[in-house]
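Please find below some notes on this model, as numbered points. They should be read with the structure open.

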Amino acid sequence: MLVFSVSSALPVAASAEGFVLEDSVAARLNDAIGLTSETTAGFGRGATRDAYPPFVEAAGRVADSRGRGRANWNLTRPAVAFAVARLREALAVAPDFAAAHYMLGLMEARQRRYGDALAAYRRAALVGLPFSGDPMKALFLGAVSRCQTAAQQVARGTQFLDRGKVEDARTAYRRAVALMPDYAEAQANLGLVHMLSGDFDGAVSRQVEAIRLDPDLAEAHYNLGNAYSRQGRYGEAVVSYREAIRLKPDSAPPDSVVSMVDANQGAYTRSVAGHQHAMRYAGLANAYFNLGDHTAAIESYTRAIGIAPGFADGHYNLGIIHERTGDVERAIHHWRAYLRLARRDSVQQAWVADARTRLARLEASRKE
């Protein structure tokens, strides 16, 4: 169930155009550029004559992004997109080109697509390590290990949340962040743990950081909206919820990102995709209601119910809004729908009793 109160707000800050690189990542990119010279003789492990030119173009564009210092890079999104396109072109004609897989993994990691990065790293290792000796070989193996371990820690943390072990989940997500500070999904999940613990400032901070790392991470925007709502910052919550809806208008979040905090109980819940999408609109509706915009709140709750017809809480809150605005017939319709759909458990018992009382009062007033 959603909680109603009132507040004001500021917009969410935009993200930088380029990518912030850790020193260790910058070192791997520097060494990856060295692949062009190592692959010149024989075009490298798994390469062909046709695959080598686009690989050199990709490496050259990345190399051009390097500043004077070893960790000084200006690796912009267009540069990454160009490199990825050329690397995929090389791999289309030479699927076992180990160095191209490795470079592609680095580029995918820069786009926060860690699952794709790990797949590329693994493919490089499967077809043959792209490096003949240390330290480049060690850096490659270290990149694979760190990425894989961080992903495992995120999955472990989510399993703990499913079992209600919030502190164990916190530990797992912290380990993932320590391994990969620019792992946006891990930052977002750690922010959810802060919210479950009642640390709303910490929740906001982590979600803002996740969004800085990956502005397109819809669930971080949704989680940020939830955190702002718990702080009574409903104007900011509206901005966050609307961005989450814009980014993922009809799809579920990736498995590595968790959300779904019951605003009244403070509990984490897993749910089907349709319900999760409906909750984005429900969060937006709640924020609008608390800002006094009943029309926008009704529209958003109606969208939520349209997406997930079994969304009982949406009917409950529409019953409240229509009752307060004097629309008795619509209020009665939604109270009846809520009572038909609501779970009959201890958590919902008080809400069900309240709905019955409200419905009986409205039906009696209509007969008078």
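1. Glu236 is buried in this predicted model. Its relative accessible area is 7%, and because the cut-off for buried is under 20%, Glu236 falls in that class. The residue belongs to helix α12, which spans residues 234-247.

2. What does the side chain of Glu236 make a polar contact with? The partner is the side chain of Arg233, at 2.8 Å.

3. The largest nonpolar core contains 43 residues. Phe55, Leu87, Phe97, Met107, Tyr121 and Tyr173 are the members with the most contacts inside it. At least two residues of this core come from each of α3, α4 (77-93), α5, α6 (114-127), α7 (136-162), α8 (166-179) and α9 (184-196). Which helix gives the largest share? That is α5, with eight residues.

4. Another core, of 39 residues, lies apart from the largest one. Tyr228, Ala237, Tyr288 and Ala304 are among its residues.

5. Helix α3 (residues 52-64) and helix α5 (residues 98-110) pack with their axes coming within 11 Å and crossing at roughly 35°. The crossing of α3 past α5 is left-handed. On the α3 side the contact is made by Phe55, Ala59 and Val62; on the α5 side, by Ala99, Ala100, Met103 and Met107. By class, the residues of this contact are seven nonpolar, with no polar and no charged ones.

6. Phe55 of α3 and Met107 of α5 take part in the helix contact, and both are listed among the residues with the most contacts inside the largest nonpolar core.

How values were computed:
Residues numbered from 1 in each chain as written. Predicted model: local features only at pLDDT ≥ 70, side-chain atom pairs only at ≥ 80, totals over all residues. Heavy atoms only, no water. Axes fitted to C-alpha atoms, helices over the stretch in contact; angles between N-to-C directions. Helix = DSSP H or I, 4+ residues; strand = E, 2+ residues; numbered from the N terminus. Left-handed = near helix turned anticlockwise from the far one by under 90°. Contact = heavy atoms within 4.5 Å. Nonpolar A, V, L, I, M, F, W, Y, C, P; charged D, E, K, R; others polar. Core = buried A, V, L, I, M, F, W, Y, C linked by side-chain atoms within 4.5 Å. Buried < 20%, exposed > 50% of the residue type's maximum accessible area, 1.4 Å probe, protein only. Polar contact = N/O pair within 3.5 Å; in protein donor to acceptor, adjacent residues only side chain to side chain.
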